[in-house]
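The sequence and the structure come first, and the contacts follow.

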Amino acid sequence: MEPLAGLKVIEMGQLIAGPFAAKTLGDFGADVIKIEPPIVGDALRKWRLLKDGTSVWWQVQSRNKRSLSLDLKQAEAQAIVRALVQEADVLIENFRPGTLEGWGLDPNQLLELNPKLIVLRISGYGQTGPYRDKPGFGVVAEAMGGLRHLTAEPGRVPVRVGVSIGDTLASLHGVIGILLALQERHRSNQGQIIDIALYEAVFNCMESLLPEYSAFGEVRQAAGSALPGIAPTNAYLCLDGGYVLIAGNGDSIFKRLMQIIGRDDLGSDPQLKNKEGRVKRVLELDLAIGEWAQTVSTDKALEMLDSVSVPAGRIYTVADIAKDPHYRARGNIASIEMTDGSTLEVPGVIPKLSRTPGSIKTLAPNIGQDTDAVLKEIGLDPIQIAALKQRGVVFKCE
């Protein structure tokens with residue numbers, strides 16, 4: 001059995017943060033019921049590149065889920081959610097604060113219905129504080145969390161990471177919170193509410209940024225591909241126009257790096273035997289490594305560095321990822337068969353558990369695909385379900 005088999009999860013999220021958390025739980029055996037609005041469903045269905053009218057991203061974000069389509073503005077739909085909650089372990093939502101309450105689904109009231117329920121709430125700024133009611137997307141959270149200020153070449157405009165990293169970090173923090181709450185529930189037999197803000201999930205990953213400011217008034221600045229205070233570590237342009245990333249900041253690694261690039265003079269320099277000395281002369285070291293890199297191709301540079309166990313790598317495009325044998329050997333790339341018989345490659349299941357690994361069990365559902373089945377599970381008969389469909393309370397894409 002998968003580790004979360006038997007866990008029932010209701011996902012009321014949309015787009016990225018909430019659904020990614022639910023997807024992670026579903027990968028490891030949780031029964032995830034995704035609640036979507038009628039007709040259009042989750043907006044992610046139409047994001048980025050579409051195949052047969054649906055985003056291929058949908059097959060990643062919503063695999064291992066069942067779709068129940070409800071018009072949550074209607075009281076009967078809200079009653080269905082309350083019925084589901086009574087049998088659920090976890091509810092996940094990532095709406096603006098107050099949205100659930102506006103639907104008569106205040107988490108505190110849901111906990112009265114099911115005291116063992118665990119509710120994950122992800123929002124831009126959290127459920128409290130002066131910014132709670134502001135709309136918040138991942139890109140804004142990345143900036144507020146301190147990340148965007150650092151993602152730039154010195155003196156140039158800060159750039160975004162290129163994926164929705166703020167949302168994903170919040171999702172993973174949410175999964176951690178759910179697992180913590182489940183562990184605590186074994187002792188207390190009580191559920192609780194987990195409140196995660198996008199910006200604070202980013203901030204939680206900002207390493208020494210705040211204590212350096214607190215102790216020294218130091219405001220870390222953008223440093224391009226380098227890492228301030230760590231040397232040498234950077235991206236270096238090679239003869240063929242590619243870049244090699246080299247992390248030569250360990251004391252013994254540094255000596256081996258200097259040896260392979262023909263700079264034993266620097267490797268044996270007593271001023272450079274430790275990190276503090278190397279940081280002071282980082283420009284000199286980057287220049288020396290850069291001069292060497294421009295005499296060799298990217299492949300040759302990596303071959304030489306591998307030969308002396310210096311951590312190094314190239315900058316991967318997705319094409320590089322797709323053909324890399326290590327990705328394949330680790331099961332990081334999975335192939336799924338679509339309903340039309342075509343094959344689609346998607347990210348595999350991570351993390352890897354030795355005894356109870358997760359898996360991709362089902363394709364992402366059509367809008368409301370499982371509406372009838374889910375409603376039957378809470379005791380509704382076909383006549384009642386048909387009446388709800390007729391009134392527009394529930395929806396199933398035929």
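A salt bridge is a side-chain nitrogen of Lys or Arg within 4 Å of a carboxyl oxygen of Asp or Glu. By this rule there are 26 salt bridges. The model is a predicted one, in which local features need pLDDT of at least 70 and side-chain atom pairs count only at pLDDT 80 or more, while totals for chains, interfaces and linings use all residues. Residues are numbered from 1 along each chain as its sequence is written, and side-chain values use heavy atoms, with hydrogens and water left out.

**Salt bridges**

| Pair | N to O distance |
|---|---|
| Lys-51 and Asp-340 | 2.9 Å |
| Glu-377 and Arg-66 | 2.8 Å |
| Arg-185 and Asp-89 | 2.9 Å |

Helices (H or I, at least four residues) and strands (E, at least two) are DSSP runs, numbered from the N terminus. Accessibility is given as relative accessible area: buried means under 20%, exposed over 50%, and partly exposed in between (1.4 Å probe, protein chains only).

The salt bridge between Lys-51 and Asp-340 links distant parts of the chain, 289 residues apart: Lys-51 is in strand β3 (residues 50–51), and Asp-340 is in the loop between β12 (333–337) and β13 (343–347). Lys-51 is partly exposed at 30%, and Asp-340 is partly exposed at 46%.

Glu-377 and Arg-66 form a salt bridge. Because Glu-377 belongs to helix α17 (residues 371–377) and Arg-66 to strand β5 (residues 65–70), this pair ties together parts 311 residues apart in sequence. Glu-377 is partly exposed at 46%, whereas Arg-66 is buried at 17%. Both also belong to a network of salt bridges with Lys-8 and Asp-31.

In the salt bridge of Arg-185 with Asp-89, both residues are buried.

**Aromatic contacts**

Rings of Phe, Tyr and Trp (its six-membered ring) pair if their centres lie within 6.5 Å; planes under 30 degrees apart count as stacked, over 60 as edge-to-face and the rest as tilted. The count is five aromatic pairs. Phe-95 and Trp-103 are edge-to-face, because their planes are at 85°, with ring centres 5.2 Å apart. Both residues are buried. Tyr-125 and Tyr-131 are also an edge-to-face pair, 5.7 Å centre to centre and with 80° between the planes. Tyr-125 is buried at 10% relative accessibility, whereas Tyr-131 is partly exposed at 40%. Together with Tyr-199 they form one aromatic cluster.
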